[in-house]
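Hi there,

Here is the structure I promised to pass on.

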Amino acid sequence: CNKISRRRLNIRRHAMIFLRWWLFFCLTILVATVSYYFGFFNELYNKDATRLSFVIIAIYTVSSLYVGMLTNNQRIGKDYKTGTNVSWFTSEMLLSLGMIGTVAGFILMLGDSFGSIDTANPETLKEALSSMALGMSTALYTTLTGLILSQALKIQLVNLESGEDND
């Protein structure tokens, strides 16, 4: 009888873990929808010259769905532990891609900005500053996107692994 009640508690706990993942995923969709409504994706498209932020968003979306599949597998009693290493690697990769975007943004910012400056002509100064601003915005937006989405994926993975304690 005690074994049956323990089994029921595990089923409930795994169902709650799946529901937490689902709630977090729906919250992510809500944030993405509000961001789209207020023009964040348009701003991101215009300010990220490398478009690396969209690669990060796409990888996050696929990885988040994969963690959802793993969470569901845990809920129904299938093997889910083999896929968690890939997901942890992916969360670190999102962070790394954000840092690569930072370096690319700095290269864009500093690359040819100073070579074409004519100190006597204010137009060349404006062009150089404009080029530097695009590079800096690329650096900052890719870093921000990589940091936020890496942490969001890690939250989902911690939720998934919270069910491993009593398995």
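Below is what I found, going from the whole chain down to single residues.

A word on conventions first. This is a predicted model, in which local features need pLDDT of at least 70 and side-chain atom pairs count only at pLDDT 80 or more, while totals for chains, interfaces and linings use all residues. Residues are numbered from 1 along each chain as its sequence is written, and side-chain values use heavy atoms, with hydrogens and water left out.

The chain as a whole

The secondary structure amounts to five helices and zero strands, in the order α-α-α-α-α from the N terminus. Helices and strands here are DSSP runs numbered from the N terminus (H or I, at least four residues, for helices; E, at least two, for strands). The chain has 167 residues, and 34% of them count as buried; buried means under 20% relative accessible area, exposed over 50%, and partly exposed in between, with a 1.4 Å probe and protein chains only. Among contacts (heavy atoms within 4.5 Å) with a separation of 6 or more, 82% join residues 24 or more positions apart.

The core

The largest nonpolar core contains 16 residues, and Tyr60, Leu94 and Leu153 have the most contacts inside it. By nonpolar core I mean a set of buried Ala, Val, Leu, Ile, Met, Phe, Trp, Tyr and Cys residues joined through side-chain atoms within 4.5 Å. At least two residues of this core come from each of α1 (2-37), α3 (52-76), α4 (84-110) and α5 (122-161).

Leaving aside neighbours within four places in sequence, Leu94 is in contact with Ile56, Ile59, Tyr60, Gly146, Leu149, Ser150 and Leu153. Ile56, in helix α3, is buried because its relative accessibility is 0%. Not counting residues up to four places away in sequence, Ile56 touches Leu94, Leu97, Gly98, Thr142, Thr145, Gly146 and Leu149. Ile56 and Met93 are 37 residues apart in sequence, with 9.0 Å between their C-alpha atoms.

Helix α4

Where α2 meets α3

The axes of α2 (residues 40-47) and α3 come within 8 Å and cross at roughly 135°, so the two helices are oblique to each other. Axes are lines fitted to C-alpha atoms, for helices over the stretch in contact, with angles from 0 to 180 degrees between N-to-C directions. Angles under 35 degrees count as roughly parallel, over 145 as roughly antiparallel, 65 to 115 as roughly perpendicular and the rest as oblique. Phe41, Leu44 and Tyr45 in α2 meet Ser53, Phe54 and Ile57 in α3.

One backbone detail belongs here too. Arg51, in the loop between α2 and α3, has a positive phi near 60°. Most residues other than glycine have a negative phi. Arg51 counts as partly exposed, at 30% relative accessibility.

Best wishes
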